[in-house]
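The entries follow the order in which I looked.

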Amino acid sequence: MRTDLISSRENPKIKYACSLRDSEKQRAAEGLFFAEGPKLCLELAKSCTPRAAYATEAALRKHPELAALDPAPVTPPVAEKLAGTKTSQGAFVLFEIPAPPPDTLATARRLLALEGVQDPGNVGTLLRSAAAFGFDAVLLGPGCAAPFSPKTLRSSMGAAGRLPVLHTGDLPASLRVLRERGVTCLAAALYRSHPLEQAGTDFPGGLCVVIGSEGQGLQDATVQACDAAVRIPMTDRVESLNAGVAGSVLLWHFRGV
């Protein structure tokens with residue numbers, strides 16, 4: 001472990017890390033994101049480039065593999081500031097935000113598209129499910145929680161670093177681009193929808209599963225830009241599933257496409 005112990009909570013490097021933790025605008029401008037926790041940081045290090053790391057002596061003793069990230073040592077009070085809580089996990093890393101390959105939209109065959117999914121927990125869950133079930137990329141439309149915010153990262157367990165995540169300001173237009181090259185786009189919606197078991201599994205040109213928020217669903221223009229709408233059959237005991245659960249069911253259903 002390095003010997004340049006950081007003991008001041010006002011250290012410029014610590015204040016900079018905290019600003020990245022708290023500001024999506026700064027993360028986008030700097031091309032960096034903030035991650036906390038030994039397990040998450042070590043997982044992200046497999047697919048993302050670390051720019052700076054910090055760890056307490058206790059965290060390094062418990063997780064000696066953190067030494068590979070060359071963390072600057074910090075005192076427990078500094079770790080509390082980095083964590084924003086008194087229950088710090090003692091390990092923090094600033095990573096470069098991975099850039100998706102420029103041809104992702106032109107080549108990916110199995111995609112997840114989200115619109116208006118504001119809850120970081122739902123976005124993180126869906127990123128994790130997309131990675132688990134072998135999808136190639138995730139397309140985020142307007143109104144979605146940031147994939148590299150601390151809350152989303154915790155829910156995704158670093159999945160955003162393992163598959164390309166693209167942003168679009170016009171989801172219907174992006175879906176039309178996918179359809180033009182033969183990708184079938186299926187919207188999760190109730191209006192004029194087919195039960196999931198009738199959706200089929202033969203999509204030779206590829207598949208894009210399109211999910212909206214639980215409260216608002218998908219915009220009409222987005223549904224109209226898709227080939228068809230599908231719904232998950234349910235009992236009448238509940239009115240709906242949240243986006244994370246519903247999307248994960250769909251991703252599992254189409255895992256072999």
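**Strand E5 and its neighbours**

I looked up the partners of E5 first: E5 and strand E6 (residues 137-140) run parallel and are joined by four bridges. Strands pair here if DSSP finds at least two bridges between them; strands (E, at least two residues) and helices (H or I, at least four) are DSSP runs, numbered from the N terminus. The model is predicted, so local features need pLDDT of at least 70 and side-chain atom pairs pLDDT 80 or more, while totals for chains, interfaces and linings use all residues. Residues are numbered from 1 along each chain as its sequence is written, and side-chain values use heavy atoms, without hydrogens and water.

In this pairing I found Leu114 opposite Leu140 in E6. From E5 the chain passes through helix H7 (residues 120-132) to E6, a right-handed β-α-β crossover (clockwise from the first strand over the helix to the second, with the strands pointing away from the viewer).

I then noted that E5 pairs with strand E10 (residues 207-212) in the parallel sense over six bridges. Leu111 stands opposite Cys208 in E10.

I checked burial (under 20% relative accessible area, 1.4 Å probe, protein chains only). Six of the six residues of E5 (residues 110-115) are buried, so the strand is largely enclosed by the rest of the structure. Arg110, Leu112 and Leu114 point one way, and Leu111, Ala113 and Glu115 the other.

**Helices H1 and H5**

I recorded contacts (heavy atoms within 4.5 Å): Ile14, Lys15, Ala17, Cys18 and Arg21 in H1 meet Val78, Lys81, Leu82 and Ala83 in H5.

Key: Buried means under 20% relative accessible area, exposed over 50%, partly exposed in between (1.4 Å probe, protein chains only).
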